2 protein chains.
Amino acid sequence: MPKEEQKEDDIGLTVKKDEDMSEWYQQVVLKSELADYSAVSGCIIFRPNSYEIWENIQKVFDAKIKKTGHRNCYFPMFIPESLLVKEAKHVEGFTPEVAWVTHAGNTPLNEKLAIRPTSETIMYASYSQWIRSWRDLPILLNQWNSVVRWEFKHAKPFLRTREFLWQEGHTAHATKGQADEEVMQQLFEYVDLVENHMAIALLAGKKTEREKFAGADYTTTIEAVMPDGKALQMGTSHQLGQNFAKAFDIKFIDQDEQTKHVWQTSWGLSTRTIGAMVLMHGDDNGLVLPPKLAPTQVIVVPIIFKDTKDAVLKKTGEICLALRKKGIRAEMDAREEHSAGWKFNHWELRGVPIRIEIGPRDMKNNQCVVVKRNTHEKKTLPLDNIEDSIVELLAKIQDEMLHRSKAILKGSIVAVKDMNALKQAIGDKKLPKAQFCCTVECEDGVKAEADGATSRCLPFEEQRNVAGKCVRCGKESKGVAVFGKAY
Amino acid sequence: MPKEEQKEDDIGLTVKKDEDMSEWYQQVVLKSELADYSAVSGCIIFRPNSYEIWENIQKVFDAKIKKTGHRNCYFPMFIPESLLVKEAKHVEGFTPEVAWVTHAGNTPLNEKLAIRPTSETIMYASYSQWIRSWRDLPILLNQWNSVVRWEFKHAKPFLRTREFLWQEGHTAHATKGQADEEVMQQLFEYVDLVENHMAIALLAGKKTEREKFAGADYTTTIEAVMPDGKALQMGTSHQLGQNFAKAFDIKFIDQDEQTKHVWQTSWGLSTRTIGAMVLMHGDDNGLVLPPKLAPTQVIVVPIIFKDTKDAVLKKTGEICLALRKKGIRAEMDAREEHSAGWKFNHWELRGVPIRIEIGPRDMKNNQCVVVKRNTHEKKTLPLDNIEDSIVELLAKIQDEMLHRSKAILKGSIVAVKDMNALKQAIGDKKLPKAQFCCTVECEDGVKAEADGATSRCLPFEEQRNVAGKCVRCGKESKGVAVFGKAY
């Protein structure tokens, strides 16, 4: 690659992932053009390279929720202060981070308006008007929108920004049982989305009282473990009980002619999952995107020499077309102002799962060179039925990426029986699991004693281990919790 | 239909469209559950019935712009005041209606933040960093988001609300010619979307200086005429020239090695088009939705009698499935708590283009009853290949709706040669067209003298009529303008 080119574009990463993950992350996100900083402190720009990943996530999840009868809608981004404060715990959880609109033009507003940090309050004010009878239930609504939480900590693209994109589902049901079911149904839709599309292994479980959503009866969560040993919450699904129903007077006449409060759930998954994919899969050459969500799945690069240029470009186009006909998101990079080597780096940085190279010699042998982004493996494949080989290879890459993530998760969890071992595990960048009493006192104690680690969840699959003594106070345990430092 | 049912649900409209269109509009929008008012004055809730129309609009338009190389992205909803004021005319046009965020939590912000009324300024601050060379051009970006314009006039769902949904395209080009082309390409994508999907006939043309976008060199527009004779702007596409490029310092080194400012365009179409469809197509029974955008295209209603119930329900399900397999958005209404008559009213109010009724007698004759929502025509069709008949009928309805709209447009435009005739036409709820000098003086004059009518556009197809005297001042005309009162 000519030197000026490299310098001009400065496309490579200047730090290794395991040397300084925070700096590496920032470089990958900016240089792969996923995101950019904006003129508004703490807010990022979702450039097309990340927005298209979000569009793919939307397609997958939207189809899932529509299949189970949910419908999309759009509520105002504004919430009058008087509504926001109606549910006492909810307001306590959110107001410190609320952005307030106080003026329109030069006119002060009569009542200040919050920009939604989440839409429970504005939506449920309507639910109380729409719901009269059991016939109106369940209500199964979802919104794709952006929310604002004015954190004062240092921003990190996707992972912690003041405005982010998400979906928020909000349902109302006649019985607690139906709401419980909905909570779990959506949590496991998230599990499928994250494990089988994002290729990130998960712990699914319940949050402790302290860590639950402000206003919920209980919160379920999916937690991933990043290669640096920190936990990352990927989505949550809440049983809201009748808390909001009572605050917003959402009642219905049931089939038995009794007037009852509804049972509600809410659940959300955001663009921070994009940050999780960057952290989980990326390497020293840049992004590594899971095939199912990658905007471009295959990049075809012609190896151009003067005398064979036309023939090679023609063949490149044919391959690209054959792949597309098979439903593969394939692009070709036929630009003449860049060398093949420059293009290899360019598309590796952007995480395209498969690169196909084709030059005059390959053509003669009716073959092409195929490079897997995740493992850097290179092999030669026949051009006949190349589209079928690529479909298979994309599935294989998807699979390998999930397996790698599963291994990281498995290697991170260590069972501990006392606080010393717990602290040691945190120091070793592991996630200790232990019997836990779940009291606020012990939550605070662990956090103070174990370098800021918190309980991430009580994983469902660990709860067979009933009966035990809390790792910290030795009193009766409520279950097995996993602890960790978190993004 | 039993009386209590009718009373309980209060589903019918209590006013006729041509008696009080404003009250009719409000009733249709609320009772068909397209929208509802919210706790925030001037902001509406897009309920699933309207949001799904918007999703269908998005699908159509998104495919169009992606085919021509545009990509979606997302910029922050906030614009620092210092950015918003950078382009002098732009700020003048928008600041009176800006909602300002001044506090986060209890902390006053250092600089107040506008909620985007449109995203030129926040986007172009980034364009100035991203664009260096002719190789970086064109930039072809689009956003699907919501914007806020704090109007103090009375709100009207979809047509005038403080927050609305739209898409905003923002492109940058190396030459004026390329930007001109982009302006027209997008305008005619809108024409196709509105005429061939929304079934609304259009005038396409240029805005006068006075009516152009704040900060543009010129604005092109598509204007529709509602059945009450008022004009409704359906979308606009702006040539921004180098105005923002100069304000935001967006420069590139061209192939000739000269440093130049880029040429820019922006173009937007919003959820107000949903209001236009309601006004244009609705009737005394409620909504009439164009088949291409209707969330439900066919509702299948079984006529249930006790002894034939199972057989009829089975057949209804089969028909529904056959239609869906053909790609038709069909639903069945098998609810037992409502009569068939109640269901007919329910789905007519919601504008479903085709109703299929099937009862035991129809089954015996291997036929069904089909009712067209737009004309109320009822006919009997054989069940064999019903899906093909319905595909044809949906296309016919789409066609008829556009033709009706075309007739309304044609009947509304009247050529006038003096101000008396112009005023008369406005009084008659027509749209006068006349030679016009396009000066601010005559614009103001027409508005004052003709009951608030304004120039809607200079339609492209009228500009063959060159040379003439201005309808008001008698001086040299700039072209043929169409005037009207507007939504």
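Analyst: Happy to! This is a predicted model, and its chain A holds 15 helices and 23 strands.

User: What makes the radius of gyration of chain A agree with that of a compact globule?

Analyst: The rule is 2.2 Å times the number of residues to the power 0.38. For 487 residues a compact globule would come near 23 Å, and chain A has 25 Å, so the two agree. Along the principal axes, the C-alpha atoms of chain A fill a box of roughly 85 × 55 × 50 Å.

User: Why is strand 14 of chain A called mostly covered?

Analyst: A residue is buried if 20 or more other C-beta atoms lie within 10 Å of its own. In strand 14 (residues 263-270) of chain A, eight of eight residues are buried, so the strand is called mostly covered. Trp263(A), Thr265(A), Trp267(A) and Leu269(A) point one way, while Gln264(A), Ser266(A), Gly268(A) and Ser270(A) point the other way, and all are buried. For chain A as a whole, 48% of the 487 residues count as buried.

User: How do you know that strand 14 of chain A pairs with strand 8 and with strand 11 of chain A?

Analyst: Pairing needs at least two bridges between two strands. Strand 8 (residues 163-173) of chain A has eight bridges to strand 14 of chain A, therefore they pair, in the antiparallel sense. Here His173(A) stands opposite Trp263(A). Strand 11 (residues 231-241) of chain A is joined to strand 14 of chain A by five bridges, so this counts as a pair too, also antiparallel. His238(A) has Ser266(A) of strand 14 as its bridge partner.

Definitions and conventions:
Residues numbered from 1 in each chain as written. Chains lettered and ligands numbered in written order. Predicted model: local features only at pLDDT ≥ 70, side-chain atom pairs only at ≥ 80, totals over all residues. Buried ≥ 20, exposed ≤ 12 C-beta atoms within 10 Å, placed from the backbone. Helix = DSSP H or I, 4+ residues; strand = E, 2+ residues; numbered from the N terminus.
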